[in-house]
Amino acid sequence: MSVYFTPEMAVEYQADGFFLVRKLFTEGELHQVTDYIIENVINTGRLPVVQPHKTDRFLREWASQERFLDLVQPLLGPDLALWTVHCFYKPSVTGPRTPWHQDARYWAMKPVVTASVWLALEPVDEENGCMNVIPGSHLEEICQHHQIDDEKDQASLSLEIDNQKFDESKAISIVLDTGDCSVHHSHLIHGAKANNSGRSRHGLVLRYMPTSSIRTDGDLYLARGRDLSNGVNVYIQD
Ligand SMILES: O=C(O)CCC(=O)C(=O)O
Ligand code: NI
């Protein structure tokens with residue numbers, strides 16, 4: 001089992017819907033993947049921001065390493081699919097805000113069971129638009145979301161929770177150093193302010209589900225264990 005996962009983290013995940021892991025990687029261990037993303041996703045657009053793992057073997061294998069799987073296995077069980085990778089890079093000064101949302105509102109998965117690992121590839125704080133979360137909100141049902149007006153509001157996602165549905169004053173900021181990560185539940189209410197600072201905000205989000213959940217669009221990578229969907233899930237073949 002993971003040397004990074006502690007019983008306290010399991011308690012926090014149940015009660016708050018998230019937990020933090022400090023120094024999952026050293027800075028040195030992240031150079032290769034950070035350079036790879038900057039070159040292939042950010043600078044050249046050779047790979048997409050969302051789901052680069054579908055066509056890119058290096059990223060899917062990197063995202064399926066033991067360190068991540070050992071961290072999410074206590075939450076999701078031993079049969080695990082990596083189903084998306086999202087390069088959540090926000091440039092300095094112009095980085096858009098992330099509207100308040102619950103991830104499960106977006107996803108075609110049955111049942112929606114996902115733990116998302118948000119890994120900081122550089123320091124992330126209130127100035128450069130770290131994630132903000134509402135502790136305990138994962139225990140609620142999915143709230144009403146409305147479509148964002150793209151013309152008026154440059155945002156990184158298209159749906160936002162109606163603001164009377166939760167108490168924003170309860171939000172806490174997820175401040176991370178390079179190599180730290182947060183792990184959040186698919187029902188947790190979260191968002192991020194715009195990045196108006198002089199620093200970029202580089203995060204890599206990896207999402208895992210138990211293979212007993214069903215998702216049929218072919219973006220799953222069987223990262224550990226076996227398929228429990230009776231062959232309904234479609235997996236990327238290496
Ligand atoms: O990094 C952000 O701004 C938002 C990330 C997010 O919504 C997620 O990882 O589910
Ligand atoms: Ni989200």
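Two strands count as paired if DSSP finds at least two bridges between them, and strands here are DSSP runs of E with at least two residues, numbered from the N terminus, while helices are runs of H or I with at least four. With that in hand, look at strand β10, where Gly191 is the bridge partner of Asn132. Strand β5 (residues 131-133) and β10 run antiparallel and are joined by three bridges.

This is a predicted model, in which local features need pLDDT of at least 70, side-chain atom pairs count only at pLDDT 80 or more, and totals for chains, interfaces and linings use all residues. Residues are numbered from 1 along each chain as its sequence is written, and chains are lettered from A and ligands numbered from 1 in the order in which they are written.

Back to the sheet. β5 and β10 belong to an open sheet of four strands, ordered β3-β10-β5-β8, with antiparallel pairing. β3 (98-101) and β8 (172-173) are at the edges with a single partner strand each, so one side of each has no neighbour in the sheet.

Now zoom out. The protein chain has four helices and 12 strands.

What about the inside? A residue is buried if 20 or more other C-beta atoms lie within 10 Å of its own, exposed if 12 or fewer, and partly exposed in between, with C-beta atoms placed from the backbone. Buried residues make up 37% of the 238 residues. Trp83 is one of them, with 25 other C-beta atoms within 10 Å, and it sits in strand β2.

Two residues are in contact if their C-beta atoms, placed from the backbone, lie within 7 Å.

| Residue | In contact with (C-beta atoms within 7 Å) |
|---|---|
| Trp83 | Arg207, Met209, Arg215, Asp219 and Leu220 |
| Val72 | Leu80, Ala115, Val117, Val183 and Tyr208 |

Trp83 and Arg207 are 124 residues apart along the chain, yet their C-alpha atoms are separated by 6.0 Å.

Finally, which strands each supply at least two residues of the shell around ligand 1? They are β4 (115-120), β10 (190-192) and β11 (201-210). Residues around ligand 1 include Trp118, His190 and Val205, where a residue counts if its C-beta atom, placed from the backbone, lies within 6 Å.

Notes:
Lists of a residue's contacts leave out its neighbours within four places in sequence.
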